[in-house]
Amino acid sequence: FPKAFIFDLDGVITDTAEFHYLAWKKLAKELGLSIDRQFNEQLKGISRMESLEKILALDPSLSAMSNEEKERLATEKNEYYLTLIDQLQPDAILPGIEQLLKKCVEQKVKIALGSASKNAQTIVEKLGLIEYFDYIVDAGKVEKGKPDPETFTTAADYLGVPYSDCIGLEDAVAGVEAVNSAQMFSVGVGSFEHLHHADYVVEDTSELIFEDIIKQYQKQRE
Ligand code: BG6
Ligand code: MG
């Protein structure tokens, strides 16, 4: 039986992945660039600055930009993002998530957050979910972001749980990769096209049923 569930935040617990996308799209537009959802898939799960770098790489004439200017743009994106999440409330918790958290508590499975966001703590508080979490790993707690496994291994180490007894839930390609390289069981939430490297894929969070996840986990561990 697994001992811990480690949840990604943006796009798994709440739909802030959409707000990140909208904020990047607006910033890109100001730079004379256009990004679409397909492009956005590679921005999921990675840090703010890494996302900016990927956008800037679309236009070679932007490659000479100074670090100060990059910082300014990253801050601008975050300010816009913060206005989008300002009104975030418990009704923004995605379907099935709170039931899943409750099941974990009931079954004595530990719960951690594994997020690349500097805004993670604030968001979990706004959603009213903070009490569920035994530990929160955010951008400030790791040196190497996803797809490096550090986000997930840091959570497991703190909880004192072997990696093979952990389940990581992710909507990002980089996130699933991080869970896999931590030797944990990966659950991908989203399209199979992007997340086929996960051990188990569901299309949306309403399909994150505790018993189903456990069944798949046990089947793989047999
Ligand atoms: C991740 C998101 O959770 O956090 C990314 O998937 C985002 O899209 C990253 O860029 C960093 O978030 P923040 O809030 O620190 O800018
Ligand atoms: Mg995510």
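Here is a short tour of a predicted model, stop by stop. Local features need pLDDT of at least 70 and side-chain atom pairs count only at pLDDT 80 or more, while totals for chains, interfaces and linings use all residues. Residues are numbered from 1 along each chain as its sequence is written, and chains are lettered from A and ligands numbered from 1 in the order in which they are written.

**Stop one: the sheet.** Show the strands (DSSP E runs of at least two residues, numbered from the N terminus). You'll see an open sheet of six, ordered β3-β2-β1-β4-β5-β6 with parallel pairing; strands pair if DSSP finds at least two bridges between them. β3 (135-137) and β6 (200-202) sit at the edges with a single partner strand each, so one side of each has no neighbour in the sheet. From one strand to the next, the twist averages 20°.

Now pick β1 (residues 4-7) and β4 (residues 166-170), which pair in the parallel sense over four bridges. Click F5: its bridge partner in β4 is I167.

**Stop two: ligand 1.** Select what surrounds ligand 1 and you get 18 residues (C-beta atom, placed from the backbone, within 6 Å). The closest are D10, H20, R48, S117 and K118. Helices α1 (16-30) and α3 are the elements that give two or more residues to this shell; helices are DSSP H or I runs of at least four residues.

**Stop three: α3 against α4.** R48, M49 and L52 of α3 meet K70, L73, A74 and N78 of α4, contact being C-beta atoms, placed from the backbone, within 7 Å.

Methods. Contact = placed C-beta atoms within 7 Å. Axes fitted to C-alpha atoms, helices over the stretch in contact; angles between N-to-C directions.
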